[in-house]
Amino acid sequence: MPKGIKLIAISEFLILVTYLFSFSFFINLQIAFLSSLFVILGSSYAYRKMVNSAVESDMLEEKRDILDEIEDPYELYEEDSINYAPAEELDLKAIVKEEKKKIKTFSLDSMKHGAKGSSSLFRLLPYLFLVLGFIALKNNELLDIAVYLPSLLVGIVVGSVSGKELFS
């Protein structure tokens, strides 16, 4: 059994033990834990799926190092410069066309790619569970913020550790 599944099972067992002490504590812990766990796991899975599809379709573009972007944001000191040729030999139209290709524009493809990643059901359903769980606790007068908020952190930690194990 993978370590991620074991961690989730152990966490759920410990949460179930809290039922023996207080139902209110248990239900707040359970709803918050599952909500944040599902959000983290769903986002990790959707991101992995989006990256894999981008790799398979060769949509990846080579990115520069972060330090290069900070030191030279406009790529003025690029190594493959064409400015070493004499002015008479430069084809200005070709240079302009090449530079226009480098400019990233907001297109329908880029919008579709961003919307596809953010509107994945693996991301939307856990957030729906989070909101509905919170509303259900509030409407039934079981919500205890002092238990609910730290329990979100527990779910985030378990979800991120489990997500790394399960989706790597």
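# Why these labels? A chat about the model

User: Why does Leu166 count as partly exposed?

Analyst: Leu166 has 30% relative accessibility. Buried means under 20% relative accessible area, exposed over 50%, and partly exposed is what's in between (1.4 Å probe, protein chains only). The 30% of Leu166 falls in between, so partly exposed is the label. One heads-up: this is a predicted model, where local features need pLDDT of at least 70 and side-chain atom pairs count only at pLDDT 80 or more, while totals for chains, interfaces and linings use all residues. Residues are numbered from 1 along each chain as its sequence is written, and side-chain values use heavy atoms, with hydrogens and water left out.

User: How many helices and strands does the protein have?

Analyst: Seven helices and zero strands. Helices (H or I, at least four residues) and strands (E, at least two) are DSSP runs, numbered from the N terminus. The order from that end reads α-α-α-α-α-α-α. Of the 168 residues, 23% count as buried.

User: What makes Tyr45 and Phe167 an aromatic pair, and why is it called tilted?

Analyst: Rings of Phe, Tyr and Trp (its six-membered ring) pair if their centres lie within 6.5 Å; planes under 30 degrees apart count as stacked, over 60 as edge-to-face, and the rest as tilted. A search of the whole structure turns up seven aromatic pairs. For Tyr45 and Phe167 the centres are 5.6 Å apart, so they pair, and the 50° between their planes makes the pair tilted. The pair ties together distant parts of the chain: Tyr45 sits in helix 2 (residues 23-56) and Phe167 in the segment after helix 7, 122 residues apart.

User: Which residues do ring pairs link into a cluster with Phe23?

Analyst: Tyr19 and Phe26 join Phe23 there. Phe23 is placed in helix 2 and is partly exposed, at 41%. Its C-alpha is 9.1 Å from that of Leu142, 119 residues apart along the chain.

User: What makes the nonpolar patch a patch?

Analyst: Like charges are joined within 9 Å, and nonpolar side chains (Val, Leu, Ile, Met, Phe, Trp, Tyr) within 5 Å. Here the members include Leu121, Val131, Phe134, Ile145 and Leu149, and the whole patch has about 900 Å² of accessible area (Shrake-Rupley method, 1.4 Å probe). Helix 6 and helix 7 are the elements giving two or more residues, and helix 6 gives the most, with eight.

User: Which residues form the negative surface patch?

Analyst: Asp65, Asp68, Glu69 and Glu71. Asp and Glu count as negative, Lys and Arg as positive, with His and the chain ends not counted. Glu71 lies in helix 3 (residues 66-71), and its 62% relative accessible area is over the 50% limit, so Glu71 is exposed.

User: What makes the phi of Glu141 worth a look?

Analyst: Phi of Glu141 is near 55°, a positive value in a residue other than glycine. Glu141 belongs to the loop between helix 6 (121-139) and helix 7 (145-166). At 73% relative accessible area, Glu141 is over 50%, so it's called exposed.

User: And Glu12: where does it lie, and why is it partly exposed?

Analyst: Glu12 lies in helix 1 (residues 3-17). Its 22% is not under 20%, so Glu12 is partly exposed rather than buried. Its C-alpha and that of Leu34, 22 residues apart along the chain, are separated by 9.1 Å.

Note on methods. Patch = residues over 30% accessible without salt bridge, like charges linked within 9 Å, V, L, I, M, F, W, Y side chains within 5 Å. Salt bridge = Lys/Arg side-chain N within 4 Å of Asp/Glu carboxyl O. Charge placed at Lys NZ, Arg CZ, Asp CG, Glu CD.
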